[in-house]
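Keep the structure open beside you and try each task before reading its solution.

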Amino acid sequence: MHQLVRLGNEVEQALREGRPVVALETTVINHGPPYPGNLEWALDICRAVREGGATPAVIGVAQGHFLVGMTGSELDRFAVTKDIPKASARDLGPVLASGGLGATTVASSLLIADAAGIPVLSTGGLGGVHRNAPVTFDISADLLQLTRSQVAVVCAGAKSILDIGRTLEYLETLGVPVIGYRCKDFPAYYSTSSGFPNPQRADELTALAAAIDLHWRAGATGSAVVTAPIDAADALDGARIERAVHRALREAEQDGVHGAAVTPYLLKSVSAATGGRSAAATRAVLIGSARLAGQVAGALADRQE
Ligand code: PSU
Ligand code: MN
């Protein structure tokens with residue numbers, strides 16, 4: 001085992017017995033849900049992974065180690081501590097060295113899940129190509145990390161603040177398969193469709209697991225992305241989101257926000273503009289992805305037997 005990884009007992013046992021495990025980024029506790037109440041959310045998301053048939057492994061950085069499968073008190077610590085530094089892939093060394101807490105992104109969670117031998121990660125939405133990337137070069141490290149870690153990432157597409165068309169082009173360039181599970185369109189987090197189709201589609205778990213497993217058996221060392229949209233009943237109005245994103249982008253420019261601060265700034269601003277409904281939608285997205293990720297982990301484990 002990777003020397004920096006500290007496995008929770010339940011996760012350790014599940015991995016040892018070849019049972020399915022799903023990795024979750026710290027966002028499920030610290031950056032997605034409204035405070036207070038975020039601990040309840042995190043527990044609900046873990047429960048959804050269990051309903052899907054797998055063991056949840058919440059990932060974070062603490063005291064110079066990677067926590068993989070937090071205990072109740074560790075989850076609580078991440079829930080109550082304000083402003084835990086966002087730790088993407090490039091930040092891991094410095095955050096480990098600091099000895100403090102780090103909130104993992106998709107990119108860093110992929111790296112850590114892979115190091116721990118967990119082949120499935122669940123998240124709400126991938127980071128991707130930002131809308132002003134042609135000028136700013138702002139492209140999330142989540143995308144590049146998908147080529148460096150071998151994990152199946154289950155999500156509701158990419159965050160709606162992004163340029164989804166260019167994000168899909170970039171994923172194609174990187175050789176990352178994007179497979180819609182029972183859906184034609186690539187979702188946009190709060191909305192069921194981004195207006196772009198998924199490049200691939202699978203309608204059964206066994207077919208989905210076969211596509212991922214054979215991607216790896218074929219020699220690919222990177223990740224595969226599985227998309228499934230938010231339930232239509234929980235989805236937000238696309239036009240309203242679009243207006244909120246445009247306003248958030250203008251404000252971010254006026255405020256001179258750049259670098260790692262851009263994504264949290266935009267998400268916060270869009271969520272403020274859409275009121276409580278976006279919190280409910282975020283919860284629905286995280287729970288839906290977690291449940292499906294549990295099923296995907298089970299289907300992948302079945303192929304190893
Ligand atoms: N959700 C939030 N705030 C965040 C993120 C998600 O409410 O900051 C994180 C996710 O973990 C995602 C990351 O992996 O943002 C992408 O950020 P960037 O565009 O800086 O790579
Ligand atoms: Mn960025």
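Predicted model: local features only at pLDDT ≥ 70, side-chain atom pairs only at ≥ 80, totals over all residues.

Residues are numbered from 1 along each chain as its sequence is written, and chains are lettered from A and ligands numbered from 1 in the order in which they are written.

**Exercise 1. Find out how confident the predictor is.**

Step 1: Recall that pLDDT is the predictor's confidence in each residue, from 0 to 100. Step 2: Read the mean for the protein, which is 97, with 100% of residues reaching 70 or more.

**Exercise 2. Explore the largest nonpolar core.**

Step 1: Learn the term: a nonpolar core is a set of buried Ala, Val, Leu, Ile, Met, Phe, Trp, Tyr and Cys residues joined through C-beta atoms within 7 Å. A residue is buried if 20 or more other C-beta atoms lie within 10 Å of its own, exposed if 12 or fewer, and partly exposed in between, with C-beta atoms placed from the backbone. Step 2: The largest such core has 99 residues, and V22, I45, V120, V226 and V296 have the most contacts inside it. Helix 13 (residues 276–304) gives the most to this core, twelve residues; helices here are DSSP runs (H or I, at least four residues), numbered from the N terminus. Step 3: In general, nonpolar side chains tend to be buried together in soluble globular proteins.

**Exercise 3. Describe the shell around ligand 1.**

Step 1: There are 17 residues around ligand 1, with T105, V106, G127, S140 and T263 the closest; to be near, a residue needs its C-beta atom, placed from the backbone, within 6 Å. Step 2: Helix 12 gives the most to this shell, with three residues. Step 3: By class, six shell residues are nonpolar, eight polar and three charged.

**Exercise 4. Look at the annotated binding site.**

Step 1: The unreviewed UniProt entry marks K86, V106, S140, A141 and D142 as "binding site". These residues span 57 residues in sequence, yet no two of their C-alpha atoms are more than 13.1 Å apart, so they gather at one spot. Step 2: Is D142 buried or exposed? D142 is buried, because 28 other C-beta atoms lie within 10 Å. Step 3: A141 is also buried, with 20 other C-beta atoms within 10 Å.

Definitions and conventions: Helix = DSSP H or I, 4+ residues; strand = E, 2+ residues; numbered from the N terminus. Nonpolar A, V, L, I, M, F, W, Y, C, P; charged D, E, K, R; others polar. UniProt positions renumbered as here; feature names shortened; annotations may be inferred.
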